[in-house]
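Hi,

Here is the structure I promised to pass on to you. Open it up next to this email, and I'll walk you through what turned up.

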Amino acid sequence: MFNIIIFGKPGSGKGTQADFLKNKYDLYHISTGDLFRKNITTETKLGLEAKSYLDNGDLVPDTITIKMLENEVLSNKDVKGYIFDGFPRTLNQAESLDFFLESINLNISATIALDVSEDELISRLLERGKITNRSDDQDVDKIKNRFNEYNNKTSILINFYKNQDKFYSVDGKGSVDDITSRLFNLIDSLI
Ligand code: ADP
């Protein structure tokens, strides 16, 4: 199995690129943000628990997030590999993911970061906020809070995966097609 983490700050294009990657490499795409939003829309217990965190641009507590991710993997086991999008976002999530995958005889093959500056990201997110109505994309303070969450809790994962020799980064600036080609080239060199 080929299991990848698509990594990067909010708005870096993880979801967009994950769609291309899942089709090209026949991977099952798990986006924790999408899962939370689906649960919020359908007003499940999980959605009610997560809602205020998403509204404020805070990370949802690990216990909730890790359980949701594990359930999603366990309910979709007959696949060629997974693409994890938006998970892990804390050291605890990353360690739990390794432990969990090992328990089902899997592991992470590569973590690939999309590298984009915060200035560029703010304008992308505000544009997305106009199209999707995502409230966390419509307010600069909420966007900045998400960057703070990334810088305080998520960016340490770069070293976590570097230490495992699994960290790669591609330039996330340019056209969607160009970025997709960079990712395909990188992944083709890894498999
Ligand atoms: P973006 O990458 O643009 O912030 P996502 O859809 O990945 O968008 O995430 C939206 C929100 O969902 C986050 O701000 C956070 O509240 C919640 N979330 C998503 N993934 C996680 C995670 N792994 N841990 C905690 N919270 C998460």
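Just after α5, Asn105 takes a positive phi of about 60 degrees. Before going further, a word on what you're looking at: this is a predicted model, where local features need pLDDT of at least 70 and side-chain atom pairs count only at pLDDT 80 or more, while totals for chains, interfaces and linings use all residues. Residues are numbered from 1 along each chain as its sequence is written, and side-chain values use heavy atoms, with hydrogens and water left out. Helices (H or I, at least four residues) and strands (E, at least two) are DSSP runs, numbered from the N terminus.

Back to Asn105, which sits in the loop between α5 and β4 (110-115). Its relative accessibility is 71%, so Asn105 counts as exposed. For that word and its relatives, the cut-offs are: buried is under 20% relative accessible area, exposed is over 50%, and partly exposed is in between (1.4 Å probe, protein chains only).

Now α5 itself. This helix has 13 residues and reaches 18 Å from its first C-alpha to its last, close to the 18 Å expected at 1.5 Å a residue (the expected span is 1.5 Å times one less than the number of residues). Its buried residues are Gln93, Ala94, Ser96, Leu97, Phe100 and Leu101. They cover an arc of only 165 degrees around the axis, which puts them on the same side of α5; the arc is that of the directions from the helix axis to the C-beta atoms. The face of α5 turned away from the buried side carries the exposed residues Phe99, Glu102 and Ser103. What do the buried residues of α5 pack against? Their partners are β1 (4-7), α4, β3 and α8, with contact meaning heavy atoms within 4.5 Å.

**Helix α4**

One of those partners, α4, is worth a look too. With 13 residues (62-74) at 1.5 Å each, α4 should span 18 Å, and its end C-alpha atoms are 18 Å apart, which agrees. Buried in α4 are Asp62, Ile64, Thr65, Ile66, Met68, Leu69, Glu72 and Val73. They pack against β2 (28-31), α2 (32-41), α3 (45-56), β3 (82-85) and α5 (91-103).

**Strand β1**

In β1, Ile4 and Ile6 point one way while Ile5 and Phe7 point the other, and all are buried. Which strands does β1 pair with? There is β3, in the parallel sense over 3 bridges, and β4, also in the parallel sense, over 4 bridges. (Two strands pair if DSSP finds at least two bridges between them.) Try clicking on Ile4: its bridge partner in β3 is Ile83, and in β4 it is Ala110.

**Salt bridges**

A salt bridge here is a side-chain nitrogen of Lys or Arg within 4 Å of a carboxyl oxygen of Asp or Glu, and by this rule the count comes to 14. Lys9 and Glu118 make one of them, at 2.9 Å from N to O. This pair links distant parts of the chain, with Lys9 in the loop between β1 and α1 (14-25) and Glu118 in helix α6 (residues 118-132), 109 residues apart. Lys9 is buried, with a relative accessible area of 19%, whereas Glu118 counts as partly exposed at 28%.

Asp19 and Lys22 form another, with their closest N and O atoms 3.2 Å apart. Both lie in helix α1, 3 residues apart, about one turn of the helix.

There is also a network of salt bridges linking Arg128, Arg134, Asp136, Asp137 and Arg146. Within it, Arg146 and Asp136 meet at 3.8 Å, N to O. Arg146 is buried at 10% relative accessible area, and Asp136 is buried at 8%.

Most residues other than glycine have a negative phi, and most peptide bonds are trans. Like Asn105, Asp165 has a positive phi of about 60 degrees although it is not a glycine. You'll find Asp165 in the loop between α8 (157-163) and β5 (167-171). And a cis peptide bond joins Phe87 and Pro88, with omega about 0 degrees; Pro88 is in the loop between β3 and α5.

Happy exploring!
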